[in-house]
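This report describes one protein chain, part by part. Please look at the sequence and the model first, and then read on.

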Amino acid sequence: MIDNLPNDTLTAVFRKVANQADRVGAFYEINALRSTNQRFRALIESDQTIRSEFLQVQQETRLDRFANARIEARNPAGTRTANDIITYHDVDNPDSQDAIKFHAAKRDIKANPDMVARTAIERNDVTDLRAQNRIMQHAASAEAFSNAIRGLAERFRQQGGRGR
């Protein structure tokens, strides 16, 4: 168990993970270890060299992590809230966070046409007023499209399934 490892070993684990070729993968692995192991987290916070290396990995991967977060927020099969996505991918730029919140709310409406805009906005903590307006417009468009399809289906049913 990693809880019982001496600091020298934890340092070696950190360096091995941090120095792998896949820097984004390294960040996610380090973050997972930080979130599940208090001693590993304490090592990163207390050792200035390790802290500096972690901050370097964090900086180098910022754009890739935002891209991953945006992909997840847009994924129609996704169920995590925007704040969960932001936390997992460690998105720390406020504008990037707003973008993730917007995409997650829009995704929720696409995935569940019965979801009203206000619910999607609240669920994903969308605070930007322009984004809220865009989400409400998207929800209204989705509802109008859904109603048009229902109307066509009803007309088709009334005609006995014959095309005219």
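## A loop residue with positive phi

Aspartate 90 sits in the loop between α6 and α7. Helices (H or I, at least four residues) and strands (E, at least two) are DSSP runs, numbered from the N terminus. The phi of aspartate 90 is near 55°, a positive value in a residue other than glycine. Most residues other than glycine have a negative phi.

Aspartate 125 is another residue that has a positive phi of about 55° although it is not a glycine. Its place is in the loop between α8 (117-123) and α9. Aspartate 125 counts as partly exposed, at 33% relative accessibility. Here buried means under 20% relative accessible area, exposed over 50%, and partly exposed in between (1.4 Å probe, protein chains only).

## About the model

This is a predicted model, in which local features need pLDDT of at least 70 and side-chain atom pairs count only at pLDDT 80 or more, while totals for chains, interfaces and linings use all residues. Residues are numbered from 1 along each chain as its sequence is written, and side-chain values use heavy atoms, with hydrogens and water left out.

## The chain as a whole

How many helices and strands does the chain have? There are 9 helices and 0 strands, and from the N terminus on the elements run α-α-α-α-α-α-α-α-α. The radius of gyration of the chain is 23 Å, well over the 15 Å that the globule rule gives for 164 residues, so the chain is more spread out than a compact globule. This radius is taken over C-alpha atoms, and the globule rule is 2.2 Å times the number of residues to the power 0.38. Along the principal axes, the C-alpha atoms fill a box of roughly 75 × 35 × 25 Å.

Of the 164 residues in the chain, 35% are buried. Among contacts (heavy atoms within 4.5 Å) between residues at least 6 apart in sequence, 56% join residues at least 24 apart. The mean positions of the 25 positive and 22 negative charges are 9 Å apart. For this count, Lys and Arg are positive and Asp and Glu negative, with His and the chain ends not counted; the place of a charge is NZ of Lys, CZ of Arg, CG of Asp or CD of Glu.

## Aromatic pairs

Rings of Phe, Tyr and Trp (its six-membered ring) pair if their centres lie within 6.5 Å; planes under 30 degrees apart count as stacked, over 60 as edge-to-face and the rest as tilted. By this rule the chain has 4 aromatic pairs. One of them joins phenylalanine 27 and phenylalanine 54, which are stacked at 5.8 Å centre to centre with 20° between the planes. Phenylalanine 27 lies in helix α2 (residues 23-36) and phenylalanine 54 in helix α4 (residues 48-60), so the pair ties together parts that are 27 residues apart in sequence. Both phenylalanines are buried.

Tyrosine 28 and tyrosine 88 form a stacked pair too, with 5.3 Å between the centres and 10° between the planes. Because tyrosine 28 is in helix α2 and tyrosine 88 in helix α6 (residues 82-89), this pair ties together parts that are 60 residues apart in sequence. Tyrosine 28 is buried, with a relative accessible area of 16%, whereas tyrosine 88 is partly exposed at 39%. Phe27, Tyr28, Phe54 and Tyr88 form one aromatic cluster.

Leaving aside neighbours within four places in sequence, asparagine 31 is in contact with Phe54, Tyr88 and Asp90. Two of these names belong to the aromatic cluster, which includes Phe54 and Tyr88.

Glutamate 72 is placed in helix α5 (residues 62-74) and is buried at 18% relative accessibility. Not counting residues up to four places away in sequence, glutamate 72 touches Arg80, Ile85, His89 and Arg107. The C-alpha atoms of glutamate 72 and isoleucine 100 are separated by 8.8 Å, although the two residues are 28 apart along the chain.
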